[in-house]
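Here's a quick tour of a protein chain for anyone new to reading structures. Take a look at the picture first, then work through the notes by topic.

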Amino acid sequence: MISRLLLSAAIIVAIPAAASAQTIGGTPSAQPASQPQAQTLGGPVVPGVCLLSREAVFANAAVGKAASARLAELTQAAQAEIDAQRTPLEADARSLEGQIDSAENRQRREQLATRWQALQTQAAQVGREIEATRAAAMQRIATETQPVIAQVYASKICGLLFDRNTAMGGNFANDLTAEVVAGLDARIQTIAFERERLSQ
């Protein structure tokens, strides 16, 4: 029973990998702003039709990189909190391995299971807080980005703006991504934030 408990806790108690690996741009491998997703089809430039990859903007802009680094720091600190509490529980679980099935040991196992459950609940809470922190940081960057997008959009005399990542191919001469990254870098380099705290 304790072995199964240890195995289960080792998987569940850890802060979700998705949260710990996330970056502000949503993916660590977002394409650079200067390299559009698809260019092989070519064709004429469509006047007034412009493209933008917000994902690439967040991944390549200085503020996005800084926020991703900060998010990684907060995630590592949160994981350390959980690991520090998990270590003594694992030690207690190992001490019960092979013990006779007495009333005292059954009570100790029940208490240990309760403590594991509490830690799993806490870890899930921490995972939600890390995700909320990432979402809040992205929203702040998006707010800073919007005026830059509007400025570049107007300067290129765009009539329509499409997500570059949904384009299957064509002429990407009206891709605004690189200019938006440059404009955002000129506007802001970093943001400061702490881990969001959510009510249980």
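Helix 4 has 35 residues, and from its first C-alpha to its last it reaches 51 Å. That's close to the 51 Å you'd expect at 1.5 Å a residue. Keep in mind that this is a predicted model.

**Helix 4 and what's around it**
- Just after helix 4 comes Gly98, which takes a positive phi of about 80°.
- Helix 4 packs with helix 5, which covers residues 103-155. Their axes are 10 Å apart, and the angle is about 180°.
- Angles over 145 degrees count as roughly antiparallel, so helix 4 and helix 5 are roughly antiparallel to each other.
- Who sits in the contact of helix 4 with helix 5? The residues there divide into 16 nonpolar, seven polar and seven charged.

**Zooming in on Ser68**
- You'll find Ser68 in helix 4, which runs over residues 62-96.
- Is Ser68 buried or exposed? Its relative accessibility is 16%, and buried means under 20%, so Ser68 counts as buried.
- Set aside the neighbours within four places in sequence, and Ser68 is in contact with Thr23, Ile24 and Gly25.

**Helix 6 and its buried face**
- Helix 6 spans residues 177-187, and its buried residues are Thr177, Val180, Val181 and Leu184.
- Look down the axis of helix 6 and those buried residues fall within an arc of 100°, so they line one face of the helix.
- What do the buried residues of helix 6 pack against? They pack against strand 1 (49-52), helix 3 (54-60), helix 4 and helix 5.

- Ile157 has a phi near 55°, which is a positive value in a residue other than glycine.
- Its place is in the loop between helix 5 and strand 2 (160-163).
- With a relative accessible area of 68%, Ile157 is exposed, because exposed means over 50%.

**The whole chain**
- Zoom out, and you can pick out six helices and two strands in the chain.
- Starting from the N terminus, the elements run α-α-β-α-α-α-β-α.
- The chain has 200 residues, and buried ones make up 37% of them.
- Take the contacts in the chain with a separation of 6 or more: residues 24 or more positions apart account for 88% of these.

Technical notes
Residues are numbered from 1 along each chain as its sequence is written. This is a predicted model: local features need pLDDT of at least 70, side-chain atom pairs count only at pLDDT 80 or more; totals for chains, interfaces and linings use all residues. Side-chain values use heavy atoms; hydrogens and water are left out. Helices (H or I, at least four residues) and strands (E, at least two) are DSSP runs, numbered from the N terminus. Buried means under 20% relative accessible area, exposed over 50%, partly exposed in between (1.4 Å probe, protein chains only). Contact means heavy atoms within 4.5 Å. The expected span of a helix is 1.5 Å times one less than its number of residues. Axes are lines fitted to C-alpha atoms, for helices over the stretch in contact, and angles run from 0 to 180 degrees between N-to-C directions. Angles under 35 degrees count as roughly parallel, over 145 as roughly antiparallel, 65 to 115 as roughly perpendicular and the rest as oblique. Ala, Val, Leu, Ile, Met, Phe, Trp, Tyr, Cys and Pro count as nonpolar, Asp, Glu, Lys and Arg as charged, and the others, Gly among them, as polar. The arc is that of the directions from the helix axis to the C-beta atoms.
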